[in-house]
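Colleague: Before I use any of the labels on this model, I would like to hear what stands behind them. Please take them one at a time.

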Amino acid sequence: MYYPGGLTFFGRALSDYLDTRSRNPDSVVIIMDGVSTDNHCEQGERWQQEMEDVEVIIVGVGIALGDYVSCI
């Protein structure tokens with residue numbers, strides 16, 4: 001999935017990914033170049049349950065992620 005330009009809808013991307021995936025991948029890579037403009041933490045509990053056995057790699061380009069992604 002790719003969201004071109006504009007606002008960063010990280011929460012929407014998480015939700016869309018969970019709604020459309022057809023199998024359980026071994027790993028998922030998320031690359032962010034901005035702070036989310038929506039509340040991505042709303043997807044936190046669902047994301048944690050459904051991605052429990054998946055290696056998730058989150059990369060921040062030009063931003064410090066720190067505690068920002070701790071809710072997912």
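Modeller: A patch is built from residues with over 30% relative accessible area and no salt bridge; like charges are joined within 9 Å, and nonpolar side chains (Val, Leu, Ile, Met, Phe, Trp, Tyr) within 5 Å. A salt bridge is a side-chain nitrogen of Lys or Arg within 4 Å of a carboxyl oxygen of Asp or Glu. Areas come from the Shrake-Rupley method with a 1.4 Å probe, and for residues only the protein chains shown count as cover. The model is predicted: local features need pLDDT of at least 70, side-chain atom pairs count only at pLDDT 80 or more, and totals for chains, interfaces and linings use all residues. Residues are numbered from 1 along each chain as its sequence is written, and side-chain values use heavy atoms, with hydrogens and water left out.

Colleague: Which residues make the nonpolar surface patch?

Modeller: Val29, Ile31, Ile57, Val59 and Val61 make a patch of about 420 Å². Strand 1 and strand 2 (55-60) are the elements that give two or more residues to this patch. Strands are DSSP runs of E, at least two residues long, and helices are runs of H or I of at least four, numbered from the N terminus.

Colleague: Why does Val29 count as exposed?

Modeller: Exposed means over 50% relative accessible area, buried under 20%, and partly exposed in between (1.4 Å probe, protein chains only). Val29 has 53% relative accessibility, so Val29 counts as exposed. Val29 lies in strand 1.

Colleague: And why is Ser15 called buried?

Modeller: The relative accessible area of Ser15 is 17%, which is under the 20% limit, so Ser15 is buried. Ser15 is found in helix 1 (residues 10-20), whose buried residues also include Phe10, Leu14 and Tyr17. The buried residues of this helix pack against strand 1 (27-32) and helix 2.

Colleague: What is Ser15 in contact with, leaving aside its neighbours within four places in sequence?

Modeller: Gln43 and Arg46, where contact means heavy atoms within 4.5 Å.

Colleague: What makes Tyr17 and Trp47 a tilted aromatic pair?

Modeller: Rings of Phe, Tyr and Trp (its six-membered ring) pair if their centres lie within 6.5 Å; planes under 30 degrees apart count as stacked, over 60 as edge-to-face and the rest as tilted. By this rule the count comes to one aromatic pair. Tyr17 and Trp47 lie 6.0 Å centre to centre with 55° between the planes, and the pair is therefore tilted. Tyr17 in helix 1 and Trp47 in helix 2 (residues 44-50) are 30 residues apart, and the pair links distant parts of the chain. Both Tyr17 and Trp47 are buried.
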